[in-house]
Amino acid sequence: LPLPPGPKINWFGSVSNIPKVRPWLIYGGPWKETFGDLIYIQIFGNPILVVNSATAAADLLEKRGAKYSSRPVRTMVVDLIGWDWLASSFPYGSKWQKHRIMFHRHLPANESSTKYHPLQIQEARILCRRLLDSPVDFRHHVRNAAATIVLRMAYGQSVDTNDYVPLADKALSSLAQAGIFGTFLVDYIPILKYAPSWFTFKRKALEWRIPTRAMRDLPFAKVKEHIAQGKGSDCIVSQELEKLSCDSGSKEGENTVANVSATMFAAGADTVVSTLSACFLVMSLYPDIQAKAQADLDAVLAQRRLPNFNDRSQLPFIDYICYELLCAKIAYCSASFSLNFVQTMATSDAPWACTLYLRSEEDEYRGFRIPKGTTANQVLPNVWSILHDPETYPDPLTFNPWRFENTSNGLNPFPDPAFGFGRRFCPGKHLAFDTLWIVVASTLAVFSITKETDANGQIKEPTTEFTPHLLSHPLPFGCTITPRSSNARELILESDL
Ligand code: HEM
């Protein structure tokens, strides 16, 4: 059978003209026009299948989930830096399955789950107070809110956000720098992991290993210590440890609990921060969207109280803003992945942009042969392309929440691909969406968000670029955040926490 179409492969076994800047636009644009929704590329003999359409992604990653649900083993990140606890990068198998079951036990399974709503409402209100005190630090406050929600769920009162976030930042920066498969040669030649420690990559790995292990071990130890002192609070770790003691738990069981709780933070804090930061950017760029959202909020709340989840059914436009944020419909900072000549793992310009799958065996699809490679067989769903398909999302580059009012004939569906595919689909989707919703609704109910002005009253246009890391955020931008009225200020100060 022939290989799927794609650009020419040189005699090094690689495609030489892989775009280095915003390649998702090329894969989903001119290359999609030339080659279609399946594009075959090769890097050092390793086959990579770029999937540009929702149909092909569903056919391969969902219907053939048993073959397409693994992740590549990354020697640098896992063996050397110590990210062996990060469940989202576990290869498919029984160990991953045990962790996945635990995620499902604690994360909301559907829209009707209200378990974490009080915590989410409280953090949204604390965020409003902080925005009132120091609006310029809005990104820091958003980060605190998103981090605290996941930390309270996982570790209860045992861990302080202000201590944990800097530690996690240090650890996660190693993932951002080394997480791309192939950034270090040792990914291709695993035996190099035994090289002496004076090699630069080994030195770096040893340095990064310290915060990476601490990110998992310290908060877990803290909860255990508090339980031993009789000061334990209700949280995922304490519930699971109690369950383990009833089941005469093992070291392996404890490890699973520690891995699950730390992975929740790694997978569930930065993603939400990036989406919410983008919300502040979007609101400053599109005053008409903000005005519509505020008119709806005022009609329901009469500016007399802050929103809660019971209001959700009456505030669909807030949902639509969140959907559009998940589609990353901001010109040039959209969900994506990039690939350079040594990278065989996708990275994204938005954290949800790409998910990487490893095929377990050679396969056939639509009359094409999808061959096995020497190190890895990777499948990259181009989420940008899927969420910007004009057949599904007409006029896809325009940030237009109103589009979701028209969902006839399969148009404008909920942007599920933002949360991945098949068996590796994000188990935090409902939790994440609830956090987005309550934060967007609460801040818009009481604040007006506009572009910054300089000393002469001239408007300063914010940048709409995103950082190019594995976990990516909007580049620093300014905006002005002011209470909508004196009444709004009172509401913030008087709200129950
Ligand atoms: C806007 C917020 C979020 C977005 C866009 C997002 C997106 C994603 C994506 C794209 C994946 C990879 C799925 C795949 O490979 O097909 C993923 C995995 C995951 N997410 Fe989320 N996520 C978000 C928030 C959260 C939250 C709040 C949590 C939990 C606290 C969470 C927990 C996880 C976990 C545990 C995985 C790994 C699943 C596995 O490998 O089996 N996520 N997420």
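**Close-up 1. Residues of α6 and α7 meet in this predicted model.** From α6, L119, Q120, E123, L127, R130 and L131 are in contact (heavy atoms within 4.5 Å) with F138, H141, V142, N144, A145, T148, I149, R152 and M153 of α7. Helices are DSSP runs of H or I with at least four residues, numbered from the N terminus. Residues are numbered from 1 along each chain as its sequence is written, and side-chain values use heavy atoms, without hydrogens and water. Local features need pLDDT of at least 70 and side-chain atom pairs count only at pLDDT 80 or more, while totals for chains, interfaces and linings use all residues.

**Close-up 2. The axes of α6 and α7 cross.** Helix α6 spans residues 117-133 and helix α7 residues 138-155; their axes come within 10 Å and cross at roughly 160°. The two helices are therefore roughly antiparallel, a word used for angles over 145 degrees.

**Close-up 3. C426 is a donor to the iron atom of the ligand.** C426 lies in the loop between α15 (383-387) and α16 (429-446).

How values were computed. Donors = N, O, S within 2.8 Å, 3.2 Å for Na, K, Ca; no water. Axes fitted to C-alpha atoms, helices over the stretch in contact; angles between N-to-C directions. Parallel < 35°, antiparallel > 145°, perpendicular 65-115°, else oblique.
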